[in-house]
Amino acid sequence: MSVCPCLCMSPGLSMTAAAQTQELFRCADAVCFDVDSTVIREEGIDELAKFCGVGDAVTEMTLKAMGGSVSFHTALSERLSIIKCSREQVNKLITDHPPQLTPGIKELVEKLHQRSVKVFLVSGGFRCIVEHVASQLSIPLHHVYANRLKFFFNGEYAGFDESQPTAQSGGKSRVISMLQEEYGFRNIVMIGDGATDLEACPPASSAFIGFGGNVVRQQVKEKSSWYVSSFGELLKELEKI
């Protein structure tokens, strides 16, 4: 099977590189979305921290992680050690403050599904929250890759599953490589807002699309050959077919 060349690290925003990335998106047979600040408007771990009363300390660590100044595993471990959420708190957060979908994502996923494009959610967030998002978007739960929280029998926080690839720096790239191997995709595209999304290629995915609809991270914007501010831009691209 031939594989399209990866174009995500092209310098600047040349029209040629952007046009090539747009073409790769139009012919994708699989699209992987980041979740926090991409598919949903908020950062799930920050919302959980605020719900547990430790928002400020955790938000600062999240910014460092998304900017790439500390390893993702270190940031995740340190943030969770501050939050120490119980199973009850997580469930109550989802019930009382469900994740807010970014405008246009539902329509975009529906369009991709209509075109028989496989859609995956690849997140450094928590599976219990991401599965809720997947259900809203009619994405099969076996297409979800995210971190798993662990709890003791009494429901108190017991850590997280460190064996998950999404718990490590470079984890999203490993997930995409796994998908390539399992499904034999010719052309898989990653869309996200953060440094961990940018890591997804090369060489794992065919192209990376930077998303700035909720938050703009300068490093990602500068290194994306195609950077969009809304999912409407992606929908318009699919309408060209």
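The questions below ask how the terms used for this predicted model follow from its values.

This is a predicted model, where local features need pLDDT of at least 70, side-chain atom pairs count only at pLDDT 80 or more, and totals for chains, interfaces and linings use all residues. Residues are numbered from 1 along each chain as its sequence is written, and side-chain values use heavy atoms, with hydrogens and water left out.

Q: What makes α6 and α8 roughly parallel?
A: Two packed helices are described by the angle between their axes and the distance between the axes. Axes are lines fitted to C-alpha atoms, for helices over the stretch in contact, and angles run from 0 to 180 degrees between N-to-C directions. Helices are DSSP runs (H or I, at least four residues), as are strands (E, at least two), numbered from the N terminus. Here helix α6 (residues 87-96) and helix α8 (residues 127-136) cross at roughly 25°, with axes that come within 10 Å. Angles under 35 degrees count as roughly parallel, over 145 as roughly antiparallel, 65 to 115 as roughly perpendicular and the rest as oblique. So α6 and α8 are roughly parallel to each other.

Q: Which residues of α6 and α8 meet?
A: From α6 come V90, L93 and I94; from α8 come C128, I129 and H132. Contact means heavy atoms within 4.5 Å. By class, this contact of α6 with α8 has 5 nonpolar, 1 polar and no charged residues.

Q: Why are α3 and α6 called roughly perpendicular?
A: The axes of helix α3 (residues 44-51) and α6 cross at roughly 110° and come within 10 Å. That angle lies in the range for roughly perpendicular, so the term applies to α3 and α6. E47, L48 and F51 of α3 meet Q89, V90, K92 and L93 of α6. The residues of this contact of α3 with α6 divide into 4 nonpolar, 1 polar and 2 charged.

Q: How do you know that α7 is roughly parallel to α12?
A: Helix α7 (residues 105-114) and α12 have axes that come within 9 Å and cross at roughly 25°. That makes α7 roughly parallel to α12. On the α7 side the contact is made by I105, E107, L108, K111 and L112, and on the α12 side by F231, L234, L235 and L238. The residues of the contact of α7 with α12 divide into 7 nonpolar, no polar and 2 charged.

Q: Why is the pair of F211 and F231 called stacked?
A: Rings of Phe, Tyr and Trp (its six-membered ring) pair if their centres lie within 6.5 Å; planes under 30 degrees apart count as stacked, over 60 as edge-to-face and the rest as tilted. By this rule the count comes to 6 aromatic pairs. The ring centres of F211 and F231 are 4.2 Å apart and their planes are at 10°, so the pair is stacked. F211 lies in strand β7 (residues 207-211) and F231 in helix α12 (residues 231-238), so the pair ties together parts 20 residues apart in sequence. Ring pairs link F33, F211 and F231 into a cluster.

Q: What makes F211 and F231 buried?
A: Buried means under 20% relative accessible area, exposed over 50%, partly exposed in between (1.4 Å probe, protein chains only). F211 has a relative accessible area of 1%, so F211 is buried. F231, at 0%, counts as buried too.

Q: Is K84 buried or exposed?
A: K84 counts as exposed, because its relative accessibility is 57%. K84 lies in the loop between α5 and α6. Its phi is near 50°, a positive value in a residue other than glycine.

Q: How do you know that I40 is buried?
A: The relative accessible area of I40 is 1%, so I40 is buried. I40 lies in the loop between α2 (35-39) and α3. Leaving aside neighbours within four places in sequence, I40 is in contact with V35, P99, Q100, L101, T102, V133 and N214.

Definitions and conventions:
Nonpolar A, V, L, I, M, F, W, Y, C, P; charged D, E, K, R; others polar.
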